[in-house]
Amino acid sequence: MAHNDIPWLRWGIYFAGLFVMSFGIVLTIKADVGCAPWDVLHIGLQRQFGLTIGAWSIIVGMGVLAASALLVKQRPRLGAFLNMVTVGMLIDGWMMIPQLKTPEQPLEQYALLMAGIIVSGYGMGLYISAGVGAGPRDSLMLALTELTRWKVAYIRIGMEALVLLVGWLLGGPVSFGTLLFCVTIGSVAGLALPQCQKMTGRLLGTTIVRVQGLSR
């Protein structure tokens, strides 16, 4: 009985993480002082070809997921596909909330950006702690790392730099906030992940004990 219930809680934690992370992404976009490289690309594509930021997040994610699947000759994990679709839809949902506006003062804009980075980092930590699969971009990073044997850090920097360049050429918002995001997100996620893993472990462990107790 416990084994049937735990996966549902695990997936609940996963989607809660995506919910939080997508909110953080939208906060960084609404700050309007530069955002994450991938969002620079999505916004650049929106400005050039229409559609929504969330729609482009899904479209780009599909391409990235297909590329990583071809590179490693493996089917994408369900978690990666759900990550791509869910985050794209949630971004569009958050973007439509009228109360989420760009602040007028630069100090408030950077405060909103930092809030978005922190929220994104904890959302990332939460969904990763569920252990049901990386997102499409992380899947590609891992595939390239496996093929080239280069360090993850080098692959990640190369991917982010290329995406940022393409996004900038398409008219995406590159500013000091973009640099700030790139410099801080790793540290925030590194701090958030162990905390989220600890919490997730406790939740799943508590569920095992509780359900086993009931089954007796």
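Q: Why are helices α3 and α6 called roughly parallel to each other?
A: In this predicted model, the axes of α3 and helix α6 (residues 136–148) come within 8 Å and cross at roughly 25°. Axes are lines fitted to C-alpha atoms, for helices over the stretch in contact, with angles from 0 to 180 degrees between N-to-C directions. Angles under 35 degrees count as roughly parallel, over 145 as roughly antiparallel, 65 to 115 as roughly perpendicular and the rest as oblique. The pair α3 and α6 is therefore roughly parallel.

Q: Which residues make the contact between α3 and α6?
A: From α3 the contact includes Ser57, Val60, Gly61, Val64 and Leu65, and from α6 it includes Pro136, Arg137, Ser139, Leu140 and Ala143. Contact means heavy atoms within 4.5 Å. The crossing of the two helices is left-handed, a term for a near helix turned anticlockwise from the far one by less than a right angle (right-handed if clockwise).

Q: On what basis is the model read, and how are its residues numbered?
A: Residues are numbered from 1 along each chain as its sequence is written, and side-chain values use heavy atoms, without hydrogens and water. As the model is predicted, local features need pLDDT of at least 70 and side-chain atom pairs pLDDT 80 or more, while totals for chains, interfaces and linings use all residues.

Q: What makes α2 and α3 roughly perpendicular to each other?
A: Their axes are 9 Å apart and the packing angle is about 115°; α2 and α3 are therefore classed as roughly perpendicular. The crossing is right-handed. Among the residues that meet are Trp38, Leu41 and His42 in α2 and Ile53, Trp56 and Ser57 in α3.

Q: Why are α3 and α4 called roughly antiparallel?
A: The axes of α3 and helix α4 (residues 78–95) come within 7 Å and cross at roughly 165°, so the two helices are roughly antiparallel. α3 passes α4 in a right-handed crossing. In α3, Gly54, Ala55 and Ile58 are among the residues that meet α4, where Ala80, Phe81 and Met84 are among the partners.

Q: How does the reach of α3 compare with the span expected?
A: Helix α3 (residues 53–72) has 20 residues and reaches 28 Å from first to last C-alpha, close to the expected 28 Å. The expected span is 1.5 Å times one less than the number of residues. Lys73 follows α3 and has a positive phi, near 55°.

Q: Is His42 buried or exposed?
A: His42, in helix α2 (residues 37–49), has 2% relative accessibility and therefore counts as buried. Buried means under 20% relative accessible area, exposed over 50% and partly exposed in between (1.4 Å probe, protein chains only). Leaving aside neighbours within four places in sequence, His42 is in contact with Ile53, Trp56, Ser57, Val60 and Arg137.

Conventions:
Helix = DSSP H or I, 4+ residues; strand = E, 2+ residues; numbered from the N terminus.
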